Amino acid sequence: MRVAQTQAGLIGQTDLVKIPSLSRLTGCDIYLKCEFQNPGGSVKDRAALQMVTDAIDSGELRPGMTIVEGTAGNTGIGLAIVAKAFGLEMLAVMPDDQAKEKEMMIALHGGTLKTVPPCPFKDDNHFYHTARRLAQERPDYWWANQFENLSNYKAHYCHTGPEIWQQLGGKLDIFVSVAGTGGTIAGNSRYFKEQSDKVEVWSVDPDGSGIYAYLKTGEYQSQGSSITEGIGIMRLVENFKQAKIDYAIKLPDVDLICIARYVLQQDGMLLGSSTALNVAGALFAALQRGPGKTLVTFACDLGERSASKLYNQAYLEKKGLSVEKTIDELVREYQSGSAGERIVSVNP
Ligand SMILES: Cc1ncc(COP(=O)(O)O)c(C=O)c1O
């Protein structure tokens, strides 16, 4: 147990927890890295802390300045907490269709919030460009730029990956991760591959994201959409570029809804939507590879941040997602011969 001097000192050193039901079902050990234990409730606290401390060390970020960032919410919460710990201000630009829970947390942690209508990246009004423009307008504003700023991936390479390796005593067969900026998958995969090239790295992507198509064909293409937040991307960014990925799969929202319900019912664990996708990916990989393996994936944020979407029946019905898939159906599907055809083997 730690005694921290500021809240930022509590970021990282999170626990691992086994998912009992899915581990029994697959004969594998499937672990979640509990990133919801960070003070801001998500994995993005780690990137926030590393980006800010690196910028302070380099002299880019100085006392009295304001951190500006475009965010789906979790990075904004992390930066608001880190900003306070270092006596800085924080301005978050967010698309206005994200869970209201996250807007509220940024404001409660003292961040200033600007919401913009969601639009494609090529549109100048996209939250990313809005944040960049705002930051360029004033000399006392500093743009964190989580997509291109490699301090993001470094947080995971230097801390998260080594923590997991130590927690498992090096007994890791498969690492599964979603990607938003790619910081998490990149930092961890690089670290694991340096420890052992036998560790398999699986990327899991939702509908509406182009990562799967990119890894398959080299082109960013997407179809459909997803209720997940903070993950999926339609362009190649510096952090994702650092990732060492062996296999990629893409799974629809009905799968993550099925998994979230099953794990809640069986194990009492409330998964956020990106976490549920991670867990669906882990189930897929475990069933493909067979019993006896040790898998790790991330509980990226607090499950309660998905209350208004994943755990809201009326919302799911509005989205046409009320069709239920049972765990038996999911397992049969993931074990079937045709499931193998969905896996993209990624060339180094
Ligand atoms: C809930 C959630 N899960 C996963 C991710 C993806 O993390 P990364 O940006 O490291 O790829 C994010 C990123 O914002 C997120 O908010």
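Tutor: Let's start with a pair of residues: in strand 11, valine 344 is the bridge partner of alanine 248. Keep in mind that this is a predicted model, where local features need pLDDT of at least 70, side-chain atom pairs count only at pLDDT 80 or more, and totals for chains, interfaces and linings use all residues. Residue numbers run from 1 along each chain as its sequence is written.

Student: What makes strand 9 and strand 11 a pair?

Tutor: Two strands pair if DSSP finds at least two bridges between them. Strand 9 (residues 247-251) and strand 11 have 2 bridges, in the antiparallel sense, and tyrosine 247 stands opposite serine 345 in strand 11. So they meet the cut-off of at least two bridges. The strands themselves are DSSP runs (E, at least two residues), and helices are runs of H or I with at least four, numbered from the N terminus.

Student: And which sense does strand 9 use with strand 8?

Tutor: Strand 8 (residues 200-206) and strand 9 pair in the parallel sense over 5 bridges. Aspartate 205 is opposite lysine 250 there.

Student: Why are strand 1 and strand 11 called edges?

Tutor: The open sheet has 7 strands in the order 1-2-10-7-8-9-11, with mixed pairing. Strand 1 (16-18) and strand 11 (344-345) each have a single partner strand, so one side of each has no neighbour in the sheet.

Student: What pairs with strand 2, and in which sense?

Tutor: Strand 1 pairs with strand 2 in the antiparallel sense over 3 bridges, and leucine 16 has lysine 33 as its bridge partner in strand 2. Strand 10 (residues 294-299) pairs with strand 2 in the parallel sense over 6 bridges, with aspartate 29 standing opposite threonine 294.

Student: How do you know whether aspartate 246 is buried or exposed?

Tutor: Count C-beta atoms, placed from the backbone: 20 or more others within 10 Å means buried, 12 or fewer means exposed, and in between is partly exposed. Aspartate 246 has 20 C-beta neighbours inside 10 Å, so it counts as buried. Its place is in the loop between helix 9 (238-241) and strand 9.

Student: What does aspartate 246 touch?

Tutor: Contact needs C-beta atoms, placed from the backbone, within 7 Å. Not counting residues up to four places away in sequence, aspartate 246 touches Glu200, Val201, Trp202 and Val346.

Student: What makes strand 9 "largely enclosed"?

Tutor: 5 of its 5 residues are buried, so the rest of the structure largely encloses strand 9. Tyr247, Ile249 and Leu251 point one way, while Ala248 and Lys250 point the other way.

Student: Why does helix 3 get that description too?

Tutor: Of its 12 residues, 10 are buried, so helix 3 is largely enclosed as well. Those buried residues pack against helix 2, strand 3, strand 4 (89-95) and helix 4 (100-108).

Student: What makes a set of residues a nonpolar core?

Tutor: The members are buried Ala, Val, Leu, Ile, Met, Phe, Trp, Tyr and Cys residues joined through C-beta atoms within 7 Å. The largest such core has 69 residues, and Leu283 is one of those touching the most other members. Helix 11 (residues 273-289) gives the most to this core, 10 residues. Apart from it lies another core of 34 residues, including Val82 and Phe127.

Student: Which residues come nearest to the ligand?

Tutor: Gly180, Thr184, Gly230, Ser274 and Cys300 come nearest, out of 19 around it; a residue is near if its C-beta atom, placed from the backbone, lies within 6 Å. Helix 3 (74-85) and helix 7 (183-195) are the elements that give two or more residues to that shell.

Conventions
Contact = placed C-beta atoms within 7 Å.
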